[in-house]
Amino acid sequence: MGAHLPAVLRRPAVLWTALIAALAAAVITVLVVVPAGGGRGASYRDADAAVADRVDDLLGRMTIEEKVGQMTQVAVPAIERIPADIGLLGIGSLLNGGSEALHDTPEGWAGMIDGFQREAMESRLEIPLVYGIDAVHGNGALPGAVIFPHNIGLGAAHDPDLAAQAAAITAAETRATGVHWTFAPCVCVARDNRWGRTYESYGEDPGLAVEYAGPVVRGYQGEDLAANTSVLATAKHFVGDGGTAYGTSTTPNDLLPPGSTYRLDQGVATLTEEELRSIHLAPFQAAVDAGVGSVMASFSSTDLGEGPVKAHADSYLINEVLKGELGFDGFVVSDWQAVDQVSADYAEAVRLSINAGVDMVMVPFEYRRFIDTLVAEVDNGGVSEERIDDAVARILTQKFELGLFERPFADTSGAGGIGSDAHREVARQAAAASQTLLRNENDLLPLAGDASVYVAGSGADSLGRQLGGWTASWQGSVEAVTEGTTILEGMAAVAPEAAITFSENASEPIGDADVGVVVVAEDPYAEGIGDEGVGVHDMRVSDADAAAIDTVCAAVDCVVIVVSGRPIELTSHLAEVDALVAAWLPGSEGAGVADPLFGAAPYGGRLPVTWPRANDQEPMNVGDTAYDPLYPFGFGLTTG
């Protein structure tokens, strides 16, 4: 999802939250069936009727203003002080951007969403809202939810079934809060590790994304989309966002140094149509074949030889390829305020995007302006009512499939399972399976369970760093507020007989330790801000972590564990390193990193991306003619 979130996202007003919680108290733990209102007796109210018939009946009853309202997605901060606009304007969807933790409990989330849903039930036809969130590796917006490894770690595990389990648990822990829709999975194919979204990709080879897309979509959506353990999935970002060229982005952000812009994110992918189809489009076919309910358009542009075209305005790729050739029958949602980038003329931007096939617009703030603009475009013939009907029919279909017309309010009966031991065990297994052993001189690993271990490095005891971005906030935080086990805590749990000494900066005496473990880490980041070269994240070992490697590895046999969302430059620090592990961003269960370290599970991960010797080799992908990496794609040592 999109950009520019931290400056505008705020918690709902305390009084409003309290009021909603009070009103929802009687319904948040049970299923509530809403009686017929403005559409009393209408066939779209008949739960036994075919979905297509219900959609046709409801669509025929709607005004153009009500239809455009359904195509509008609004951010919570824009609507929370005037919630009556939901019913007044027939708003179709709400979201909170960037995994922002608006509430601390499932009941708090459900109370807020149910309050908004009641406003939707005040509309003439009582069309329910669908609420979306970036639950991309667990429900990161809820402290206490289980957080799984980011996609790059799941790709290293080479286990789509395990990824599907992670998606199913994420769905259950998300739907139990009243949220119906996740903006996941990202099926992008990252072709340049300098991209700040590399960790959202399963890897650089499209075969990985193709392999994972179907099982993960089915994991999210389940066998019955209306079940209280299922959420609507979103394949993103359509299409080619992982192939943008370095330096082609001009997007600024207040979080960057003055005058800086993104480098790759929201840039231009220049390639042949054959390359676009074989590398970037293939995973979307797999997602469509699995029945994915929504697709999110990309901020990026594609240049197939005739100049760059913004994805949101690319009628050929959305209408002809996605909806035509691939047979996608769900709805296309825009990214965060991305329609505005199509043209400086807002009416033109809206017209081009809707005609290109975007069905729902993540406005997210100036929703009245969007509604007025699109209605005017229909009135003046710029957008046909047939195009509007197609978009709204696609949206309504998914709302019927989600069971929202029968049960629009939250079913929190599954809230007790959020963060459960069973869910955390799957996350621990996923973290362990993702661990990728790159060096193991003299079979140093696995360590003995009773070893004397000296632990250092910024990633050893930092839950926020191992969670990464899209956790409790858009860019993530070193001080992320959630529940979990750090790698250091995991080591103590897995090897309780080991004598563990921890000194983050390696300032404490090493003494007679048998082995050193230095856990180096990147600070969390997400799209754009994480692009290498913008002055914030440089894909290199920090000075403090480098000093810890030098100190510890010069004194004892040592293991370096890298907690990162992509390969980082390590070559100059490896002379004294005996064992090297890529831990990726393992999520909330640090014991999963410790399991193979002490032999409780095998090392079996394989690199889903090429690991260059130096950052200036980027982009480097398997199959390139000049291919000289530090570790090649697919590499990974194993232990028994």
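**Figure 1. Contacts across the sequence in the predicted model.** Of the contacts in the protein chain with a separation of 6 or more, 79% are accounted for by residues 24 or more positions apart. The structure is a predicted model. Its protein chain holds 19 helices and 17 strands. The radius of gyration is 24 Å, close to the 26 Å that the globule rule gives for 640 residues, so the protein chain is as compact as a globular protein of that length. The C-alpha trace spans about 80 × 60 × 40 Å along its principal axes.

**Figure 2. Burial and accessible surface of the protein chain.** Among the 640 residues, 64% count as buried. The accessible surface of the protein chain amounts to about 21,100 Å². Carbon and sulfur atoms contribute 49% of that surface.

**Figure 3. Positive and negative charges of the protein chain.** The protein chain carries 35 positive and 89 negative charges.

**Figure 4. Ser-260 in the loop between strands S5 and S6.** The loop that holds Ser-260 runs between strand S5 (234–238) and strand S6 (268–270). Ser-260 has a relative accessibility of 18%. Because buried means under 20% relative accessible area, Ser-260 counts as buried.

**Figure 5. Contact partners of Ser-260.** When residues up to four places away in sequence are not counted, Ser-260 touches Pro-252, Asn-253 and Val-534.

Methods: Residues numbered from 1 in each chain as written. Predicted model: local features only at pLDDT ≥ 70, side-chain atom pairs only at ≥ 80, totals over all residues. Heavy atoms only, no water. Helix = DSSP H or I, 4+ residues; strand = E, 2+ residues; numbered from the N terminus. Rg over C-alpha atoms; globule rule 2.2 N^0.38 Å. Buried < 20%, exposed > 50% of the residue type's maximum accessible area, 1.4 Å probe, protein only. Contact = heavy atoms within 4.5 Å. Areas by Shrake-Rupley, 256 points an atom, 1.4 Å probe, with all protein chains shown as cover. Lys, Arg positive; Asp, Glu negative; His and termini not counted. Charge placed at Lys NZ, Arg CZ, Asp CG, Glu CD.
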